[in-house]
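Please look through the structure shown here, and then follow the questions and answers about its sheet, its helices and its aromatic rings.

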Amino acid sequence: MTSNSKVAVIGLGNIGQAVAGNFATSNTSFIAADRSSEKAKELAEKWNAKPNDITTAVKDADIVILAIPFETIGGFLKEYSTDLEGKIIIDPSNPIAPDENGGFKKIIGENESAGEINASYLPKDAKLVKAFGTLGVASLSGSSHQTPEKAVLFYANNDETIDAEIEKLIQENGFDALKIGGLDQSIRIEVFGDLHEFGALGKTVTIEEAKQKI
């Protein structure tokens with residue numbers, strides 16, 4: 001991967017729109033794709049991005065930000081396995097669903113993480129990164145590019161050779177980047193984890209505050 005890597009945001013729901021909107025603020029070039037081609041076209045025009053159907057976006061991109069529900073990621077990785085070979089796949093998903101009390105519940109085992117589960121479906125030579133899912137949508141949009149000190153987005157992955165590229169993307173999204181370790185640590189930055197906004201952390205933090213937590 002290089003500084004000229006093509007980035008695609010696939011799935012333009014709340015998280016996808018927040019990430020894409022932050023890239024647009026930084027004038028970062030990216031591909032916008034969604035199951036609805038009309039939605040992708042409309043939003044891409046707003047962001048000055050390139051709209052594409054999902055199949056073309058997967059083929060054209062070097063880095064795929066897969067902003068789709070957790071329960072659909074395994075199937076997606078299998079369906080597009082050939083075109084995703086050797087690429088970086090960024091996974092912001094959280095394995096949760098509404099509960100009967102108006103809140104949310106975890107839909108995998110208490111000690112399981114979306115990052116490790118999704119990594120088990122990886123195509124040949126692809127690399128999975130947990131990132132962009134450590135904040136709620138409101139903070140992901142509202143805390144981007146904050147001053148005087150940026151808020152932090154944590155990330156986790158198993159391949160340190162791509163760290164610089166991931167940190168660049170996080171910075172272009174308006175945040176400071178802080179790696180917490182490999183994918184075996186991704187449970188910490190998913191909902192209910194100790195480094196998630198909707199877990200023990202409970203808020204956005206600056207880089208100095210974050211370093212005290214990890």
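Q: Which strand does helix H8 run at about 155° to?
A: In this predicted model, helix H8 covers residues 163-172 and lies across S1, S4, S5, S8, S9 and S10. The angle of about 155° is given for its run relative to the strand at residues 152-157, and that strand is S9.

Q: Which strands are the edge strands of the sheet?
A: Eight strands form an open sheet with mixed pairing, in the order S3-S2-S1-S4-S5-S8-S9-S10. An edge strand pairs on one side only, and this holds for the strands at residues 50-52 and 176-181, which are S3 and S10.

Q: In what sense do strands S5 and S8 pair?
A: Strands of a sheet pair through backbone hydrogen bonds, either parallel or antiparallel. Strand S5 (residues 88-91) and strand S8 (residues 127-130) are joined over four bridges, and Ile-90 stands opposite Val-129 in S8. The sense of the pairing between S5 and S8 is parallel.

Q: Is Phe-23 buried or exposed?
A: Phe-23 belongs to one aromatic cluster with Phe-30, Trp-47 and Phe-132. Its relative accessibility is 1%, and because the cut-off for burial is under 20%, Phe-23 counts as buried.

Q: Why is the pair of Phe-76 and Tyr-80 tilted?
A: A pair of aromatic rings is described by the distance of the centres and the angle of the planes. The ring centres of Phe-76 and Tyr-80 are 4.5 Å apart. Planes under 30 degrees apart count as stacked and those over 60 as edge-to-face, so the pair is tilted, with its planes at 40°.

Note on methods. Residues are numbered from 1 along each chain as its sequence is written. This is a predicted model: local features need pLDDT of at least 70, side-chain atom pairs count only at pLDDT 80 or more; totals for chains, interfaces and linings use all residues. Side-chain values use heavy atoms; hydrogens and water are left out. Buried means under 20% relative accessible area, exposed over 50%, partly exposed in between (1.4 Å probe, protein chains only). Rings of Phe, Tyr and Trp (its six-membered ring) pair if their centres lie within 6.5 Å; planes under 30 degrees apart count as stacked, over 60 as edge-to-face and the rest as tilted. Two strands pair if DSSP finds at least two bridges between them. Helices (H or I, at least four residues) and strands (E, at least two) are DSSP runs, numbered from the N terminus. Contact means heavy atoms within 4.5 Å. Axes are lines fitted to C-alpha atoms, for helices over the stretch in contact, and angles run from 0 to 180 degrees between N-to-C directions.
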